[in-house]
Amino acid sequence: MVTAGAYDKLELELRRGVVVLAALSQLRTARYGYELRQSLAESGMPIEEGTLYPLLRRLESQGVLTSEWRTDGGPPRRYYVLSADGLELCQRLTASWRGLNDTMDLLLKGGERP
Amino acid sequence: MTPDDLIQNYVDDVARLLPRAQRRDVGYELRSLLTEQLAAEAGQAGRPADEAMATALVLGYGRPAETAARYRQPLILIDPADSHRFVRLAVIGVAVIWVLGLLDTFMRHPIASAGDLLTALGQWWTGIGVGALWWPGVLVAGFATAAWRRRARPGAVAWRPRRFGRDQVSRLGYLAAVVAGGAGLFLLFNGQVLLGSQAAPEAYRALAMDEGFLRERAPWLVVVLAGHFVLYAVLIVRGRWQPLTRRIEIALTLAACAVFGWVISAGAMFATGPADQIVKVVLVASIVVGLLDAARKLYRELRTAPYLPTT
C-alpha cells in the first residue's frame, strides 16, 4: 500500500516539473508576484509563494523575464513580463509539453505511439 | 510585536543572506508581497491581521536561509552522486587514522594503571582524535574541485572504460611491484647502501639492525614477502586473476599482517630507538591497510562466489 506521504511527494515532483511553464504562460501580460500567484491558483495551479517569487527573480536573471517597479496609485509593486527570448522559450516549452502530454495520454491508455 | 514589525524582521533576516546587490530590491519586493498577502488573509478571516497570523505566513515560506537560497542558483560543493562515496571515505579514513594513532599512543606510553590509560586516551584525543579531521577537510576540497571540473569541462572528465578488466592483470605494473618490493626488502636489510662511503659513523649505527631480530624474526618476514613475489610472478605469467590466486592473495595478506604484528611486538628491529620507531609505525600502517584490503577482498569473494569458469 502506497502511503499518503509517498503520494504527496510524487505528486509534488509532477507539479514541480510544470511550475516554470505555468508561470510563463501567465506572463504574456505584465503581472506582479501576488497577482500571478492568485491567477495560477484560480486556474487550479496553486504554487507556494516561497517557490514562485524567487523563481521570478531567477527567470529574470536568465533573461526570460523583464521587470519594473510600478505604483499605479497603490503601493509600489514589481511587475514581470516575458522578454522576447522568454516568449520564444515559452512557445518551445509549450510545444514540448503538448508532445509530452500526448505521449503520456497514450502510455496511460496502454496504447503505442503510431 | 506588530505584524508589520514581524514581517520586516523576517525580511531583514532573508536579505542579510542575499548577495549585496540584491538585498535592497529583493527585500523591498518580499516585504510588499508578504504585506499584501497578509492583508488578503486577514480579509478572508474577517479580522485584523495579528502577530499569530503574520508568524504563520512567514513560517510558510520556510527558514530565512531557505527563502534566501531560493533566490540564488544552488551552490553544490559535492555532487549528490558522490555523497555516499565521500561519507564512506571520510568515515573509513578517520577511523584508520584514529586506530593508527591509538596504537602509536599505546606504543609510546605503556599502560600500567587506569590513570595511565586515561592519560594516554587524553593525549590521543587532543593530538590525533581532533587532528584527524584534516582528512574530511582534504576530501571536501578534492571532491569540490572534481565537481567544479566536471561542470566547467563536462567532456574532459567523461567516464572511460578501464584499460584492464576485473580479472586482467597489468603485467608491467606487477613486474614493477616485484622489482620495487625486492629493492625495498634489500634496502631494509642493507640501509647503509643508501649512505655510500662518506657518511658519518652515527648514520651507519642508526640503520644497524637488532641482532635478535635478524636471527629470529627477519627470516619469517622474508618468507611472507617472498610468498607475495611468487604470487605476482605467477600472475605476470598467467596475465589474469583466478579464483585460486585471489584466495591465495587474501591468505598471504593475512599471514603478512600476522607476521608483521609478531615482528613488532616481539622486540626491537633496529639497534637505535628512532629508526626502530619509524619502521614500526610504517609496519603498523601496513597492517591496518592490509587488514582492510583483505576484509574488502574477502567480502567480495563471499558475495561473488561461486565463480564463473575462467580460462
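User: What is the mean pLDDT of chain B?
Analyst: This is a predicted model, in which local features need pLDDT of at least 70 and side-chain atom pairs, taken over heavy atoms without hydrogens or water, count only at pLDDT 80 or more, while totals for chains, interfaces and linings use all residues. Residues are numbered from 1 along each chain as its sequence is written, with chains lettered from A and ligands numbered from 1 in the order in which they are written. The pLDDT is the predictor's confidence in each residue, from 0 to 100. In chain B, 94% of the residues reach 70 or more, and the mean pLDDT is 86.

User: Which helix of chain A has the highest mean pLDDT among the elements of that chain?
Analyst: Chain A has a mean pLDDT of 90, with 95% of its residues at 70 or more. Helices are DSSP runs (H or I, at least four residues), numbered from the N terminus. The lowest mean among the elements of chain A, 87, belongs to helix H1 (residues 4-16), and the highest, 95, to helix H2 (residues 19-25) of chain A.

User: What area is buried between chain B and chain A?
Analyst: Contact (heavy atoms within 4.5 Å) takes 15 residues from chain B and 17 residues from chain A. Buried area is the accessible area (1.4 Å probe) that two parts lose on being put together, summed over both. Carbon and sulfur atoms give 52% of this area, which is about 1,600 Å².

User: Which residues of chain B lose the most area to chain A?
Analyst: Three residues together account for 33% of what the chain B side buries. They are B:Glu29, B:Glu36 and B:Arg70.

User: How many salt bridges does the rule find across the interface of chain B and chain A?
Analyst: A salt bridge requires a side-chain nitrogen of Lys or Arg within 4 Å of a carboxyl oxygen of Asp or Glu. The side chains of B:Asp25 and A:Arg57 meet this rule at 2.9 Å, N to O. Across the interface of chain B and chain A, the number of salt bridges is four.

User: Which element gives the largest share of the side of chain B that touches chain A?
Analyst: Helix H2 (20-45) and helix H3 (51-61) of chain B each give two or more residues to that side. The largest share, nine residues, comes from H2(B).

User: Why is the pair of B:Phe86 and B:Phe143 edge-to-face?
Analyst: Rings of Phe, Tyr and Trp (its six-membered ring) pair if their centres lie within 6.5 Å, with planes under 30 degrees apart counted as stacked, over 60 as edge-to-face and the rest as tilted. B:Phe86 lies in helix H5 (residues 80-108) and B:Phe143 in helix H7 (residues 134-152) of chain B, 57 residues apart. Their ring centres are 5.6 Å apart, and the pair is edge-to-face because the planes stand at 80°.
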